[in-house]
Amino acid sequence: MIGGMVIDKYGARIALMLSGMFCVLGQIIWGFGGYDNTFLVMMMGRVVFGIGGEVLHASQNTLISSWFK
């Protein structure tokens, strides 16, 4: 829901870049958790990745629908 508001306010391209950064950040956190063998840190990384991935999917659909009318 917040991702949709970001897409509407700032545009799909900005939301795509921000959500891509969330995905990368989530993977980095997950990697650090795996390195330290800490399950909680790994789960936090997956949550961050999941938030970014869902907004990424919504912004991709917005861009595709604007390109192919």
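**View 1. Asparagine 37 follows helix α2 with a positive phi**. This view comes from a predicted model. Helix α2 gives way to asparagine 37, where phi is near 60 degrees. That value is positive, and the residue is not glycine. Asparagine 37 sits in the loop that links α2 and α3. Is asparagine 37 buried or exposed? Its relative accessibility is 68%, so asparagine 37 counts as exposed; the cut-off for exposed is over 50%.

**View 2. Helix α2 covers residues 12-36**. The helix holds 25 residues. From its first C-alpha to its last, α2 reaches 36 Å. That is close to the 36 Å expected at 1.5 Å a residue. Which residues of α2 are buried? They are Ala12, Ala15, Ser19, Cys23, Gly26 and Gly33. An α-helix has 3.6 residues a turn, so residues three or four places apart point the same way. The buried residues of α2 pack against two partners: α1 (2-10) and α3 (39-67). Among the elements of the chain, α2 has the highest mean pLDDT, 94.

**View 3. Serine 19 is a buried residue of helix α2**. Serine 19 belongs to α2. Its relative accessibility is 2%, so serine 19 counts as buried; buried means under 20%. What does serine 19 touch, not counting residues up to four places away in sequence? The list is Gly52, Val55, Leu56 and Ser59. Of these, Gly52, Val55 and Ser59 are themselves buried residues in α3.

**View 4. Serine 59 is a buried residue of helix α3**. Serine 59 has its place in α3. With 0% relative accessibility, serine 59 counts as buried. Which residues are in contact with serine 59, leaving aside its neighbours within four places in sequence? They are Ile7, Ala12, Ala15, Leu16 and Ser19. Ala12, Ala15 and Ser19 are buried residues of α2.

View 5. Buried residues in α3 are Met42, Gly45, Val48, Gly52, Val55, Ser59 and Leu63. Their cover includes α1 and α2.

**View 6. The protein chain has three helices and zero strands**. Starting at the N terminus, the elements run α-α-α. The C-alpha atoms fill a box of roughly 50 × 20 × 15 Å along the principal axes. What is the radius of gyration of the protein chain? It is 14 Å, whereas a compact globule of 69 residues would have one near 11 Å. Buried residues make up 22% of the 69 residues. The chain exposes about 5200 Å², and carbon and sulfur atoms supply 73% of that area. Take the contacts between residues at least 6 apart in sequence: 60% of them join residues at least 24 apart.

**View 7. Helix α1 has the lowest mean pLDDT among the elements**. The protein chain as a whole averages 91. A score of at least 70 is reached by 100% of the residues.

Terms used
Residues numbered from 1 in each chain as written. Predicted model: local features only at pLDDT ≥ 70, side-chain atom pairs only at ≥ 80, totals over all residues. Heavy atoms only, no water. Helix = DSSP H or I, 4+ residues; strand = E, 2+ residues; numbered from the N terminus. Expected span 1.5 Å × (residues − 1). Buried < 20%, exposed > 50% of the residue type's maximum accessible area, 1.4 Å probe, protein only. Contact = heavy atoms within 4.5 Å. Rg over C-alpha atoms; globule rule 2.2 N^0.38 Å. Areas by Shrake-Rupley, 256 points an atom, 1.4 Å probe, with all protein chains shown as cover. pLDDT = per-residue confidence, 0-100.
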